[in-house]
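Trainee: I would like to go through the labels on this structure. Show it to me, and I will ask what stands behind each one.

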Amino acid sequence: SHTQYTLSKPIRVDVNEDGTSRKSLELEMLVSLELAEKVDILVRDKDGNVIRDTKLERLNHQKWFAETVAKFRKSDRILDQILASYQQAIRDPDNEFLYLYEIRDAIANRFGSKKNSLKQLGIVGKDWNLLGELSNKRNIKQGRHRGEFAGLLRDADASELETARKIAVSLIEKY
């Protein structure tokens with residue numbers, strides 16, 4: 001969700017008499033960046049049966065992602081590294097493309113090459129290349145090679161940021 005937050009209050013666990021428990025936690029700070037207005041679509045057939053519910057699909061996808069990360073993050077150092085890079089991109093927007101590129105770099109190192117990464121994960125080469133271009137080849141202040149564009153730097157525009165973030169998230173999910 002490209003959201004920075006801090007968990008600083010303790011987690012509370014309420015244990016019921018029957019042995020079940022309920023966990024809750026408090027968020028001290030929440031900063032959210034919305035790139036665009038999200039619209040959910042509910043499609044029904046003539047009898048009122050739901051054919052498609054984009055909100056439910058999105059929530060199920062988020063649940064799947066959270067469960068998958070929770071299951072594998074401790075045992076997969078690459079997953080831990082790419083998630084940390086994404087978190088750092090959120091915390092340090094002045095260097096955002098540097099951290100988003102680290103995700104691509106870590107995946108390439110894990111699979112030995114760009115070609116193997118694309119094949120193993122079903123990554124679209126165009127997206128892979130575009131993240132590289134945004135991070136390395138443009139005169140963007142948030143990029144990796146700012147010195148090559150001395151005096152010509154500009155802030156990344158909203159579409160460049162959104163594109164790079166979407167590609168990085170896609171790489172993480174495919175990994």
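Trainee: What makes Asp 40 partly exposed?

Mentor: Its relative accessible area is 35%. Buried means under 20%, exposed over 50%, and partly exposed lies in between (1.4 Å probe, protein chains only). So 35% makes Asp 40 partly exposed. One caution: this is a predicted model, where local features need pLDDT of at least 70, side-chain atom pairs count only at pLDDT 80 or more, and totals for chains, interfaces and linings use all residues. Residues are numbered from 1 along each chain as its sequence is written, and side-chain values use heavy atoms, with hydrogens and water left out.

Trainee: Why is the pair of Arg 58 and Asp 40 called a salt bridge?

Mentor: The term needs a side-chain nitrogen of Lys or Arg within 4 Å of a carboxyl oxygen of Asp or Glu. Here the N to O distance is 2.5 Å. Therefore the pair qualifies.

Trainee: What parts of the chain does the pair link?

Mentor: Distant ones. Arg 58 sits in helix 1 (residues 54-72), while Asp 40 is in the loop between strand 4 (29-32) and strand 5 (42-44). They are 18 residues apart. Helices (H or I, at least four residues) and strands (E, at least two) are DSSP runs, numbered from the N terminus.

Trainee: What about Glu 57 and Arg 52?

Mentor: Another salt bridge, with 2.9 Å between the closest N and O atoms. Glu 57 is partly exposed at 36%. Arg 52 is partly exposed too, at 44%.

Trainee: How many salt bridges are there by this rule?

Mentor: Nine. Glu 133, Arg 138, Arg 154 and Glu 160 are linked in a network of them.

Trainee: How do you know that the span of helix 5 is close to the expected one?

Mentor: Helix 5 (residues 125-136) has 12 residues and reaches 16 Å from its first C-alpha to its last. The expected span is 1.5 Å times one less than the number of residues.
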